[in-house]
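Please look at the sequence and the model below.

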Amino acid sequence: MSESQSQGSKSASVYQTYSDNTYLFGGNAPYVEEMYENYLANPGSVPDNWRDYFDALQHVPAVDGTNAKDIPHLPVVNAFAERAKQGVTQVVMATGADSEMGRKRTAVQQLIAAYRNVGQRWADLDPLKRTERPPIPELEPSFYGFSDADQEVVFNTSNAFFGKDSMSLRELLNALRETYCGTLGAEFMHTTNQAQKRWWQQKLESIRSKPNFGAEKKKQILDRLTAAEGLERYLHTKYVGQKRFSLEGGESFIAAMDELIQSAGTQGVQEIVIGMAHRGRLNVLVNSLGKMPADLFAEFDHTAPEELPAGDVKYHQGFSSDVTTPGGPVHLSLAFNPSHLEIVNPVVEGSVRARMDRRGDPKGSQVLPVLVHGDAAFGGQGVNQETLALAQTRGYTTGGTVHIIINNQIGFTTSDPRDMRSTVYCTDIVKMVEAPVLHVNGDDPEAVVLATQLALAYRMEFRQDVVVDITCFRKLGHNEQDTPALTQPLMYKKIGPTPARASSTPTSWRPGLGATLVTTWSRPTAPPWTPASTRWTRC
């Protein structure tokens with residue numbers, strides 16, 4: 001073929017291509033669009049070749065990937081044109097009673113949000129009743145313009161979890177205060193995860209933050225409190241003046257530990273690694289891990305055999321045992337802590353991570369880290385922030401840690417928080433990882449147990465850190481050789497008159513109710529104490 005013939009063939013080919021697509025020329029767009037509108041309204045109204053073409057378009061997926069069919073645009077355009085002919089759109093403003101009612105509906109939602117955010121500032125957390133309730137206008141109905149006349153007005157509360165879609169203002173206010181201002185005050189609104197916020201709202205508001213335990217559960221709590229207090233009293237009487245860093249004033253912590261271990265076992269946890277400082281360690285060793293009391297007494301008597309020529313003091317030592325739970329045996333490990341308070345925390349986390357890796361348990365379903373803190377050390381020692389910074393990193397995460405704070409409200413020798421830290425709570429450092437905090441009154445052991453249940457459920461659901469802050473007090477000094485009234489005379493003036501005012505123990509039985517335990521929250525004067533039960537096996 002000659003060069004001229006080749007060029008002519010190419011020109012013809014290009015011309016044919018343009019000719020086949022002429023109908024797509026921009027100037028024909030209105031014609032094609034009108035044809036397509038007619039097709040959408042009535043497919044039979046367009047020529048066969050166009051109908052075939054438009055039929056093929058119906059099988060092409062939409063831009064969003066769905067199979068939704070096109071609809072005619074002309075009726076929509078005509079509707080807007082008709083509205084334009086009728087003049088400018090008018091805005092109807094609510095006036096008078098309608099406007100005021102709308103404002104009140106909005107104010108009710110603001111009131112609910114305020115209690116969820118800062119309601120815990122009004123919670124009944126201090127067993128010594130020394131803490132004054134701070135002024136928070138946003139928690140008062142009058143702040144939003146409500147008066148006594150509005151108390152019976154019914155508002156929509158469908159965004160809350162009180163079991164009703166509408167409530168009177170009085171009923172709503174009572175529900176909010178019961179939920180967020182009782183002996184359990186929750187901080188969770190600082191998290192940015194909406195699912196976690198709703199989880200806490202549903203859990204707390206549906207029960208108004210009130211435990212509903214049966215007689216058997218209450219007797220179990222009583223048993224742990226009696227064991228905790230009985231051990232401390234025995235040691236205080238038998239070994240006068242010896243250092244033990246007693247738990248007196250915060251015995252409800254032992255009830256929390258028992259609940260944590262038993263509930264974790266039912267949820268599939270097989271190992272719990274515990275790290276804690278000195279206070280309460282001896283009580284945990286005997287009443288949580290099952291160390292034989294005779295072994296502890298031998299250490300006090302200095303008759304216990306020592307494998308090394310120079311052993312560590314008894315309130316630094318660790319232990320391990322197997323505990324029977326409804327879900328099967330759980331192995332407990334209490335880490336040795338011969339150093340300063342919180343330094344054991346990364347050691348525990350590393351041990352947990354190693355156990356997770358060994359078990360092939362990347363989510364921490366079978367291994368649970370539990371860290372027990374003092375209030376001043378938790379907020380004051382940098383190792384806590386350093387450990388929290390690694391909480392959710394891929395190489396170090398342990399699937400969430402349950403933190404329990406034995407909050408003596410005193411630190412070492414400073415009883416006024418304004419001289420102790422720059423934050424409202426000692427737990428505010430956990431906001432760096434958006435961990436929720438349950439502040440709970442140590443004088444309400446049922447609330448302490450409920451808070452522990454919720455904390456464990458949250459950790460197992462979301463694999464995040466969570467804190468139970470047990471607000472209690474320290475019955476004796478920093479150690480049993482101190483005289484705390486010298487540095488905190490006002491606090492110990494309140495503590496002193498009653499021999500033991502800590503975690504209140506339910507002791508009375510109402511006649512005629514059989515085995516139904518009724519809590520009176522008053523401590524017995526001389527509770528019995530018995531050694532640990534046979535549910536422990538030493539390892």
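Helix α12 spans residues 345–359; its 15 residues reach 21 Å from the first C-alpha to the last, close to the 21 Å expected at 1.5 Å a residue. The expected span is 1.5 Å times one less than the number of residues. Helices (H or I, at least four residues) and strands (E, at least two) are DSSP runs, numbered from the N terminus. This is a predicted model, in which local features need pLDDT of at least 70 and side-chain atom pairs count only at pLDDT 80 or more, while totals for chains, interfaces and linings use all residues. Residues are numbered from 1 along each chain as its sequence is written, and side-chain values use heavy atoms, with hydrogens and water left out.

The buried residues of α12 are Asn345, Val348, Glu349, Val352, Arg353, Arg355 and Met356. They lie on the same side of α12 because they cover an arc of only 160° around the axis, the arc being that of the directions from the helix axis to the C-beta atoms. Val347, Asp357 and Arg358, on the other side of α12, are exposed. Buried means under 20% relative accessible area, exposed over 50% and partly exposed in between (1.4 Å probe, protein chains only). What do the buried residues of α12 pack against? Their partners are the strands β4 (271–276), β6 (328–334) and β7 (367–374), together with helix α14 (382–389). After α12 comes glycine 360, with a positive phi near 65°.

Helix α7 covers residues 194–205, and its twelve residues reach 16 Å from the first C-alpha to the last, close to the 16 Å expected at 1.5 Å a residue. Asparagine 193 caps the N-terminal end of α7, with a side-chain oxygen 2.9 Å from the backbone nitrogen of alanine 195. Within α7, the buried residues are Gln196, Lys197, Trp199, Trp200, Gln201, Leu204 and Glu205.

The protein chain as a whole has 16 helices and eleven strands. Of its 539 residues, 47% are buried. Contact means heavy atoms within 4.5 Å. Among contacts between residues at least 6 apart in sequence, 74% join residues at least 24 apart.

Alanine 123 sits in the loop between α5 (97–118) and β1 (154–156). Is alanine 123 buried or exposed? Alanine 123 is buried, with a relative accessible area of 15%. Neighbours within four places in sequence aside, alanine 123 is in contact with Tyr180, Cys181, Gly182 and Gly185. Asparagine 441 is 318 residues from alanine 123 in sequence, yet the two are 8.9 Å apart in space, C-alpha to C-alpha.

Definitions and conventions
A polar contact is a pair of N or O atoms within 3.5 Å; within protein, one must be able to donate a hydrogen and the other to accept it, and residues adjacent in sequence count only if both atoms are side-chain atoms.
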